[in-house]
There are 4 protein chains.
Amino acid sequence: MMLPAMSTTILKLACPDRVGLLARITNFVAERGGNLLEVNQFTDPASETSPGWFFTRLAIATDSLSSDLETLRAEFAPLATELQADWTIRDARQKMRVAIFVSRLGHCLADLLWRWHSGELEMDIPLVLSNHEQFRPIIEREGLPFVHVPIDPTADGGKAAGFAKVESAVAAAHVDLIVLARYMQILPPDLCAQYPGRIMNIHHSFLPSFVGANPYKKAYQRGVKLIGATCHYVTSELDAGPIIDQEVVRVEHYHQPEDLLRLGRDCERLALARGVRAHIHDRVLIHGNRTVVFRD
Amino acid sequence: MMLPAMSTTILKLACPDRVGLLARITNFVAERGGNLLEVNQFTDPASETSPGWFFTRLAIATDSLSSDLETLRAEFAPLATELQADWTIRDARQKMRVAIFVSRLGHCLADLLWRWHSGELEMDIPLVLSNHEQFRPIIEREGLPFVHVPIDPTADGGKAAGFAKVESAVAAAHVDLIVLARYMQILPPDLCAQYPGRIMNIHHSFLPSFVGANPYKKAYQRGVKLIGATCHYVTSELDAGPIIDQEVVRVEHYHQPEDLLRLGRDCERLALARGVRAHIHDRVLIHGNRTVVFRD
Amino acid sequence: MMLPAMSTTILKLACPDRVGLLARITNFVAERGGNLLEVNQFTDPASETSPGWFFTRLAIATDSLSSDLETLRAEFAPLATELQADWTIRDARQKMRVAIFVSRLGHCLADLLWRWHSGELEMDIPLVLSNHEQFRPIIEREGLPFVHVPIDPTADGGKAAGFAKVESAVAAAHVDLIVLARYMQILPPDLCAQYPGRIMNIHHSFLPSFVGANPYKKAYQRGVKLIGATCHYVTSELDAGPIIDQEVVRVEHYHQPEDLLRLGRDCERLALARGVRAHIHDRVLIHGNRTVVFRD
Amino acid sequence: MMLPAMSTTILKLACPDRVGLLARITNFVAERGGNLLEVNQFTDPASETSPGWFFTRLAIATDSLSSDLETLRAEFAPLATELQADWTIRDARQKMRVAIFVSRLGHCLADLLWRWHSGELEMDIPLVLSNHEQFRPIIEREGLPFVHVPIDPTADGGKAAGFAKVESAVAAAHVDLIVLARYMQILPPDLCAQYPGRIMNIHHSFLPSFVGANPYKKAYQRGVKLIGATCHYVTSELDAGPIIDQEVVRVEHYHQPEDLLRLGRDCERLALARGVRAHIHDRVLIHGNRTVVFRD
């Protein structure tokens with residue numbers, strides 16, 4: 001659902017399930033006059049291996065609240081502690097800061113920029129980082145900071161030296177999310193660990209099929225009749241992190257590997273754009289290796 | 001989401017929006033110990049022509065409730081009255097009674113029966129009614145009551161006489177829902193009026209395209225590249241009632257009208273089955289000519 | 001199928017059906033040593049109202065042909081005349097000249113430009129025309145000619161004066177195709193008549209639903225569960241010309257009209273891009289109000 | 001495209017590519033007066049590892065041919081030999097004989113039977129074979145032969161003894177195709193080898209994801225946002241044979257493994273029905289581990 005033009009406060013929360021949770025949380029909001037614009041809730045039932053878990057996202061009209069943002073957080077903290085909750089309360093107008101990483105293929109980058117321009121992706125872009133120089137002119141023309149960090153295994157210090165610079169650039173940009181928009185480098189595990197649930201990748205296959213390099217070629221060789229793309233969070237295990245969105249398109253015998261690349265680009269652009277939008281609107285909650293995505 | 005094997009109580013409600021609604025309703029449940037298994041909520045924002053409206057569906061573990069069903073309803077009534085709510089509280093184990101109407105094309109009927117057999121559609125079928133005899137053997141073999149009511153404009157009393165018998169058969173069967181599974185007769189307005197929001201039709205086009213007869217032929221003539229089917233509630237205006245679900249399939253120039261019939265059948269079966277399932281699980285709320293469908 | 005990097009000659013033909021047609025045409029090619037890279041053929045069977053009709057598209061490796069392009073055309077002409085065929089023989093390297101018309105919404109324009117840049121749409125763009133100035137900087141930055149032609153009913157000469165200028169601009173640009181990429185003006189019938197089968201529009205609904213203005217608003221009001229976009233050739237009747245491609249996306253009750261706009265944009269971009277690609281690769285043949293599209 | 005009611009002769013052929021192939025084959029047909037109702041052709045371009053390959057399927061109006069079926073085959077044989085072609089010429093009225101294997105889950109079986117009844121699948125069913133007795137009443141009620149062959153590793157002779165009986169039953173039924181409609185046994189390699197390209201399986205995942213047992217459970221655990229089904233030919237390697245068709249459906253976080261089973265059933269039914277239809281209409285050609293499918 002489109003965010004209303006009016007100011008909105010977003011409460012996102014996950015905690016162990018128990019009776020009366022939603023009542024307590026909505027009471028908390030109601031007691032402060034909060035007008036609920038949108039409520040999403042999901043209870044993952046208990047299984048043999050895991051207890052029940054509760055997820056919610058509340059969009060509240062900020063103007064209706066008797067407490068300001070800082071007060072609201074302070075007032076909510078004791079309840080959250082009691083519930084053993086992971087939670088955030090954010091002002092939706094406070095745009096997330098999103099870094100975009102890219103290599104030589106620019107279709108996802110171009111798509112994100114276009115949606116950002118159009119207002120479809122309400123975010124700030126404090127950093128575009130690439131291991132190549134080619135997109136510098138486009139990015140600087142947009143008035144965005146472009147940082148070139150070569151990742152060269154033969155350089156002094158090897159790839160690690162490059163990734164140290166990547167790490168510094170990201171830290172300096174104070175980002176909420178890193179988007180790997182066809183960034184063809186594998187991030188080192190310690191960098192992944194610094195940003196859990198905050199690095200998003202677009203992989204050009206419907207995972208878990210065709211992990212790793214050259215998925216379109218592998219898809220062609222396997223003779224699949226559907227190809228796709230997967231938007232997922234990055235963990236230290238390659239292409240194995242929590243999936244946020246996937247998109248597929250039908251292919252026929254007459255599609256050569258080059259056609260798969262062409263058709264797949266649209267899948268990649270759509271799945272990545274939806275994933276970024278969901279993340280920056282606080283619509284994704286991670287639970288183990290699965291995601292709860294309250295779609296809009 | 002699949003209904004848990006445990007007994008579930010479903011509260012479905014729509015009312016004018018106001019602050020604190022969800023808190024009051026979830027409090028009501030929490031005060032009676034109710035363990036919420038699934039919560040869906042939607043607030044339709046106010047517009048120039050309509051006030052804001054609130055919709056919810058709560059699935060509660062029956063065993064966790066301190067009140068039995070009748071008590072629960074009695075206790076909820078004052079709150080509902082105050083909220084000016086349309087509401088129901090039902091035991092999910094109490095299956096809805098669904099009449100199926102059919103003419104000469106049996107694919108939707110067969111599909112519904114198969115899903116009923118498999119447990120995918122948890123309903124009772126107290127009546128299968130047709131203006132033709134052809135499906136009597138199949139239906140009676142299933143142990144279901146089959147009623148043949150010819151609709152003959154040249155008969156004594158005309159079509160009205162036939163529909164009077166239809167009305168009696170439906171009344172006698174005490175049905176919660178009438179499903180027109182390719183029933184090729186237009187129900188008279190007074191019959192429609194008797195069962196508002198309780199007569200469901202499958203129309204073989206993606207409405208509002210191709211209202212009325214022969215939609216596949218019209219689709220072929222128009223040269224569309226997608227054909228489809230629409231599951232909707234029946235009102236006195238032909239093919240204009242609230243839409244519950246739609247399904248489409250891509251077609252190419254080499255598909256003749258007969259191919260559209262073939263491909264469309266799968267759209268019809270899927271859209272109708274989803275519509276029936278949503279209705280019998282209390283997942284559909286009608287608001288004006290639109291539906292809120294809390295999907296599972 | 002992706003066009004091979006090698007030079008390709010495309011023969012496109014439609015004629016009344018008769019026995020031996022494909023043999024005669026492929027013989028013609030084989031006698032000149034032509035290596036067929038791709039063959040598409042469709043026979044529309046005779047019906048009560050129309051005779052059978054034959055459609056084909058042959059992609060021939062140019063280097064394998066013993067005749068050059070002009071000779072080939074001259075040699076084919078007698079056969080084509082005998083067959084009463086509509087036909088073209090083109091060198092696929094000879095890019096079509098495509099004019100893009102746009103008003104205030106730039107998403108389709110941006111998408112076409114991006115695909116043109118990436119090589120996905122192999123065409124020349126001798127003209128971008130708009131009734132507004134806003135996209136001039138973007139277009140001129142690309143090095144493309146931008147022409148602003150206001151369409152003002154209150155101006156001297158009214159809208160007709162504006163369209164006379166449009167006509168001149170198009171004529172001066174020697175275009176093979178005009179693409180209305182969300183151009184919010186209705187072209188006058190005489191302009192449509194000058195470019196039969198050579199003006200392409202993207203309409204923001206799954207036609208024939210929601211002809212004319214504000215289709216997303218109408219779709220919202222009707223409560224459809226699928227919205228879409230239609231790429232079609234323009235005729236003098238509004239939104240009624242031959243359909244080339246359509247795309248749909250599922251919507252839910254929580255999608256407001258503004259959400260339909262957002263989700264529909266992706267449908268529009270995809271359907272238009274596919275339509276343009278099919279046209280410039282000689283993959284579309286028009287027959288009455290239907291199209292034969294040999295997809296790639 | 002729907003087969004015309006008139007009698008049709010189908011020529012299916014694959015051979016190494018060379019110049020003039022289609023001309024020679026269509027000449028052969030034209031010389032015998034053959035009226036081509038439908039022509040499909042595909043040339044797989046040469047690559048580093050494989051030569052170019054030519055595939056075609058011609059549907060010819062039988063009544064227009066001056067040769068009868070046997071004569072036609074005899075006349076075509078020398079050309080086919082020269083072209084090193086794999087080929088068949090069949091009368092489309094000569095229905096293929098299809099054996100259906102099933103275990104305990106009957107949804108694919110029921111769907112195939114329904115489509116067979118409706119005329120959508122024009123085939124004979126000389127055998128329904130199962131390792132369980134449960135579907136005997138349904139099958140015998142249809143007047144079809146049901147054979148129960150337990151596959152019991154603890155029986156005398158082990159599973160091999162069971163499969164020897166399976167082999168005999170299939171041989172006795174003279175089948176053109178074996179359809180594994182959720183037959184939960186792995187066929188022994190020698191049985192697979194006896195029927196190359198003539199055993200079809202429906203696997204309940206979008207292969208190559210989730211090979212082997214319990215794919216829905218694995219899909220749930222991986223947290224994919226799309227589940228699917230794959231119709232493929234069986235080879236001695238599990239779930240690795242040539243893919244004919246695939247179908248997917250979107251899933252959300254609230255779908256439990258049981259929901260995936262429910263939603264996946266529709267994918268399985270659709271993908272299998274399309275695969276069977278393509279095979280019995282001579283629309284599938286196998287090339288290495290890929291298929292050419294001329295869709296209708």
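User: In which loop of chain D is the place of D:Arg182?

Analyst: This is a predicted model, in which local features need pLDDT of at least 70, side-chain atom pairs count only at pLDDT 80 or more, and totals for chains, interfaces and linings use all residues. Residues are numbered from 1 along each chain as its sequence is written, chains are lettered from A and ligands numbered from 1 in the order in which they are written, and side-chain values use heavy atoms, with hydrogens and water left out. Helices (H or I, at least four residues) and strands (E, at least two) are DSSP runs, numbered from the N terminus. D:Arg182 is placed in the loop between β8 (177-180) and α6 (189-194) of chain D.

User: Is D:Arg182 buried or exposed?

Analyst: Buried means under 20% relative accessible area, exposed over 50%, and partly exposed in between, with a 1.4 Å probe and protein chains only. The relative accessibility of D:Arg182 is 6%, so the residue counts as buried.

User: What is the phi of A:Arg182?

Analyst: Most residues other than glycine have a negative phi. A:Arg182 lies in the loop between β8 (177-180) and α6 (189-194) of chain A, and with a relative accessible area of 6% this residue is buried. Although A:Arg182 is not a glycine, its phi is positive, at about 65°.

User: Which kind of peptide bond joins A:Leu207 and A:Pro208?

Analyst: Most peptide bonds are trans. A:Pro208 is found in the loop between β9 (199-203) and α7 (215-222) of chain A. The omega of the bond between A:Leu207 and A:Pro208 is about 10°, and the bond is cis.

User: What is the omega of the peptide bond from C:Leu207 to C:Pro208?

Analyst: C:Pro208 has its place in the loop between β9 (199-203) and α7 (215-222) of chain C. The peptide bond from C:Leu207 to C:Pro208 is cis, and its omega is near 10°.

User: Which residues are in contact with C:His255, leaving aside its neighbours within four places in sequence?

Analyst: C:His255 is in the loop between β11 (243-250) and α8 (257-280) of chain C. Its relative accessibility is 4%, so C:His255 counts as buried. Contact means heavy atoms within 4.5 Å. With neighbours within four places in sequence left aside, C:His255 is in contact with A:Asp296, B:Arg290, C:Tyr220, C:Leu260, C:Arg262 and C:Leu263.

User: How many helices and strands does chain A have, and why is it described as compact?

Analyst: Chain A has eight helices and 13 strands. The radius of gyration is taken over C-alpha atoms, and the globule rule is 2.2 Å times the number of residues to the power 0.38. For 296 residues the rule gives 19 Å, and the radius of gyration of chain A is close to this, so chain A is as compact as a globular protein of that length; the value for chain A is 21 Å.

User: What share of the residues of chain A count as buried?

Analyst: The C-alpha trace of chain A spans about 60 × 40 × 35 Å along its principal axes. Of the 296 residues of chain A, the share that count as buried is 61%.

User: Which three residues supply 24% of the area that chain D buries against chain A?

Analyst: The contact takes 38 residues from chain D and 38 residues from chain A. Buried area is the accessible area (1.4 Å probe) that two parts lose on being put together, summed over both. Between chain D and chain A this area is about 3100 Å², of which carbon and sulfur atoms give 49%. The three residues that supply 24% of the area that chain D buries against chain A, more than any other three, are D:Arg222, D:His253 and D:Arg290.
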